[in-house]
Amino acid sequence: MAAGPVTDFLRRLRSTAAAHACEDCPDAGLLQKFVREQAEAAFQTLVQRHGPMVLRVCGDLLRDTHDVEDAFQATFLVLVSRASSIRNASLLGNWLYGVAYRVAVRARANGARRRAHEARGVDMVAAKPAAPALEPEQQIILHEELNRLPEKYRVPVVLCYLQGKTNEEAARQLAWPVGTVKGRLTRARDLLRGRLTRRGLALSASTLAVILTQNTASAAVPAALLSSTTKAALLVAAGQAAAEGVVSAQAAALSKGVMQTMFLTKLNVAIAVLLGTGAIGASGGLFAFHMPAEEARAVAEATPQPAARVAADEAKEEVETSDALRAARQQSAKSMKKLVLAMHNFYDANRLFPPAAVCDKKGKALLSWRVLLLPYLEEGDLFKAFHLDEPWDSAHNEPLLAKMPKVFAPVRGPSKGKNVTFYQVFKGKGAAFEGVEGIGLAEFTDGTSNTIAIIEAGEAVPWTKPADLAYEAEKPLPKLGGLFKEGINAAFADGSVQWLKKNFDEPTMRAAITRNGGEVLDHDKLLNDK
């Protein structure tokens, strides 16, 4: 009769001893122990060590306490499934931050869809500090930009600010000189402040540091959450489905969705690498020799350009000073900001964003979305002058081209003053503009901050003409960036305007074009820091 209690006592004793043995073990050792032995103490130590940071990220991005716990569990379920494939386990905290961010973004999108179809009579319980330094929407912007930082800058931020390590502790863990940690933290803060300022969130360096360290590892993971997460991890590691009482269906679905996205992202990268290195045959036959990408770049850089072209390029660059270009770029960004805010005002009045075009009963496009925005740009009289049931180039409407508001005008170049505009939208299946009636906010399941609303197109069009950028997943992207050779301004559906690279990563750009593709957008592959 006493065997049961004695056995339980011995099990708890062994568990306690194993937990103590894991306390000083590095992340790589714990992860290896869990992969090889499915050691409960090893995984529980990882959850205790990184759980406060994961809990904070989920709490910053989500409003509902249950959603936070689901996202927390889903993050560690992803860890269980990917444990054996993590390349650098010494950076596990940074890896978990990225997963937690992805999971929370997906959970937030799911919550938005759920709230769009449910009428709720009670307020959601906020999962945030009692006295937050930022509003919830500002917290979202902060984590979006933190997640977009290059890894070499994000890693020390996660360690020192989100997990509370000293510079010296971070340096030891990363095997970096202390000076490197300090320098990259400074550069990370500068990059982060600049990006936040561009999105309307201006913070001093000291304020940003305080916000980042707020609630750093301030509380342990609740015992019940720690226990259920560890139990679910052991079940999944053993090849079993986590029991309903251990982990919620939402947490299981979140982890599955994020793992699928991670796999597709890795697959896209692998395909891009294969294409870039010529591993997939193109012209010249299946077994044709292909020069490695690095060697090809070196040869290209070493090949002298014709003297006439070099001289022409230098002369062209002297025409416009860098200050003038910067001013033109900023003016274009301001114009796009006005346009995307006008779209939001249109939404407030109609509960839909404007369609890409005014269409007749047969679906034929007559006039551009730019005409529909006129009342929200203080151009109500001009809007009333249009015959909305006639094409843009009808005898009545065509003369109105000459009355183009300045907000649509090119800020530079030969097209300036010709009643044309570079500000266009993507239209097509999954894009922000689809169909003839417009799109509701709930349909941006990837998040408005991850979906392009307006962009500088490659070619200008008459401003009233319903001519925009047709998007089809199977076809090449349309030409972009006709105003500046250095980059492209793009207005996202959340109202922010970002300066993008001309040599952007195409899969990432496609993810930014679609509003509901389920991708997690890596903004670093789009943003232009120059």
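This is a predicted model: local features need pLDDT of at least 70, side-chain atom pairs count only at pLDDT 80 or more; totals for chains, interfaces and linings use all residues.
Local features rest on residues with pLDDT of at least 70 and side-chain atom pairs on pLDDT 80 or more, while totals for chains, interfaces and linings use all residues. Side-chain values use heavy atoms, without hydrogens and water, and numbering starts from 1 along each chain as its sequence is written.

**Overview. The whole protein.** The protein has 18 helices and eight strands (DSSP runs, H or I of at least four residues for helices, E of at least two for strands, numbered from the N terminus). Of its 530 residues, 44% are buried (under 20% relative accessible area, 1.4 Å probe, protein chains only).

**View 1. The buried side of helix α10.** Helix α10 covers residues 205–213. Its buried residues are Leu208, Ala209, Ile211 and Leu212. They lie on the same side of α10 because their arc around the axis is only 165 degrees (taken from the directions from the helix axis to the C-beta atoms).

**View 2. Strand β5 and its partners.** Strand β5 spans residues 452–462. Eight of its eleven residues are buried, so the rest of the structure largely encloses β5. Strand β3 (residues 420–424) runs antiparallel to β5, joined by four bridges (pairing takes at least two DSSP bridges). Here Gln424 stands opposite Ile455. Strand β7 (residues 488–492) is also antiparallel to β5, with three bridges. In β7, Ala490 is the bridge partner of Ile455.

Technical notes
Buried means under 20% relative accessible area, exposed over 50%, partly exposed in between (1.4 Å probe, protein chains only).
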